[in-house]
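Me: Hi! Could you walk me through this model?

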Amino acid sequence: MKAYELNLDGLVGPTHNYAGLSYGNIASTSHTADASNPKEAARQGLKKMKALADAGFKQGILLPHERPAIWALKALGFSGSDAQILEKVQKQNPVLLSAVCSASCMWTANAATVSPSADTMDKRLHFTAANLNAKFHRSIEHETTTRMLKSIFANEHYFAHHAALPAIASFGDEGAANHTRFCTGYGQSGVELFVYGQASFNNSLPAPQKYPARQTLEASEAIARLHGLGNRNVVFAQQNPAVIDAGVFHNDVIAVGNGNVLFYHQEAFLNTEQVLKEIDDKLVGSNLIAVCVPTREVSVLDAVRSYLFNSQLLSNKDGSMTLVVPGECRETESVSRYLDSLLANSSNPINEVKVFDLKQSMNNGGGPACLRLRVAINETELAAMHQGVLLTDELYANLNQWVDKHYRDRLIQADLADPKLLTESRTALDELTQLTGVGSIYPFQL
């Protein structure tokens, strides 16, 4: 049976703004209070999706969430009409207003962790929505994410859904941004690499000192159990605390894997050789190809600045691989030089680099890898999922028209309390659920 990697990209929402809410994410905090362009942001993401779909890759979308999240403000004790609530929050706590208006759900690498049926004991495709409890503005995402995934992957014969883990620090879970699957073929049993920042219940392990570690070992172990993964299918690895303190808030900022290839920075992991050996020992049908980027060629600072590793590594039909990178990689001298040397080296399967302008997302701290959730899926499961979110020429045209109709081309913090923005957002999302056929998934629709 044929199997594929389906990339579900987050469609940027109409309240896309720069609030600098993500401490530890240098790009996010360095653009605080800049004016954003939601329309351009959405179009940049769509352009990348369409280019990859046209190149033959399986591509779909995940929908933006309802923002401003009035329901979250009501849960915190604010009352009155929607307009009155927005006015109160703007006066009393403008940072909170920014949080409930964040369009951070666009980064769907954080939406969930996905284990394909080839790896799981019950032979179903498993999803666990990430609790994202390290940041308030992200912690309010998982309920909508779960409803959306259940709508798209509804057939219980093929798909299993799990609630987010307990929303406490010991089980902090940031989804697939810290999860990579290796395999010989997408439909074959693979090795799922769970990368964690620290262990909450083991103080003997090192931990970052400056920035928080958002993924815990305990959360990763819990997801592996929920998904029914055997020991042969799992590797747990600790991220280097020093790189977390350098701004590497997720593993996908310092490493990316696909198939039997791991593309990573020299300083990405603790106990690197042990991690590589365990992956290679458990990988069935092929050997691990580890492509290490030395610090002497690309510093951690340049890796973070360019988001070299927050890239998509995609398998082509001929066995070669394409690396999808943001434009910043060609704007950073050391990284651009390294990419040229990578392409000139025939000893690895990466023989193409595609560059995309994703500056609206990049300025808020997310690159190509942040924008997509990977789902290894076989042809039967693909046919069983909801088809309305799969990108076609028609859907692409409709989405661009939808963006042009509903999105603003400039947004600043003062605009977030505008009741018209709430109306615009809800009107747009209601139309989008009809356009894609996903049904009622938003709080204002329930």
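Here is a short chat about the chain as a whole and then one residue.

Me: What should I know before I start?
Reply: This is a predicted model, where local features need pLDDT of at least 70 and side-chain atom pairs count only at pLDDT 80 or more, while totals for chains, interfaces and linings use all residues. Residues are numbered from 1 along each chain as its sequence is written, and side-chain values use heavy atoms, leaving out hydrogens and water.

Me: Thanks! How many helices and strands are in the chain?
Reply: The chain has 17 helices and 15 strands, taken as DSSP runs (H or I, at least four residues, for helices; E, at least two, for strands) numbered from the N terminus. Its radius of gyration is 21 Å, close to the 22 Å from the globule rule for 446 residues, so the chain is as compact as a globular protein of that length. That radius is taken over C-alpha atoms, and the rule is 2.2 Å times the number of residues to the power 0.38.

Me: And what share of the residues count as buried?
Reply: Of the 446 residues, 60% do; buried means under 20% relative accessible area with a 1.4 Å probe, protein chains only.

Me: Switching topic: where does glutamate 328 lie?
Reply: Glutamate 328 is in helix α12, residues 328-331.

Me: Why does glutamate 328 count as buried?
Reply: Because its relative accessibility is 10%.

Me: Which residues does glutamate 328 touch?
Reply: Leaving aside residues up to four places away in sequence, glutamate 328 touches Arg305, Ser306, Lys359 and Met362, with contact meaning heavy atoms within 4.5 Å.

Notes
Buried means under 20% relative accessible area, exposed over 50%, partly exposed in between (1.4 Å probe, protein chains only).
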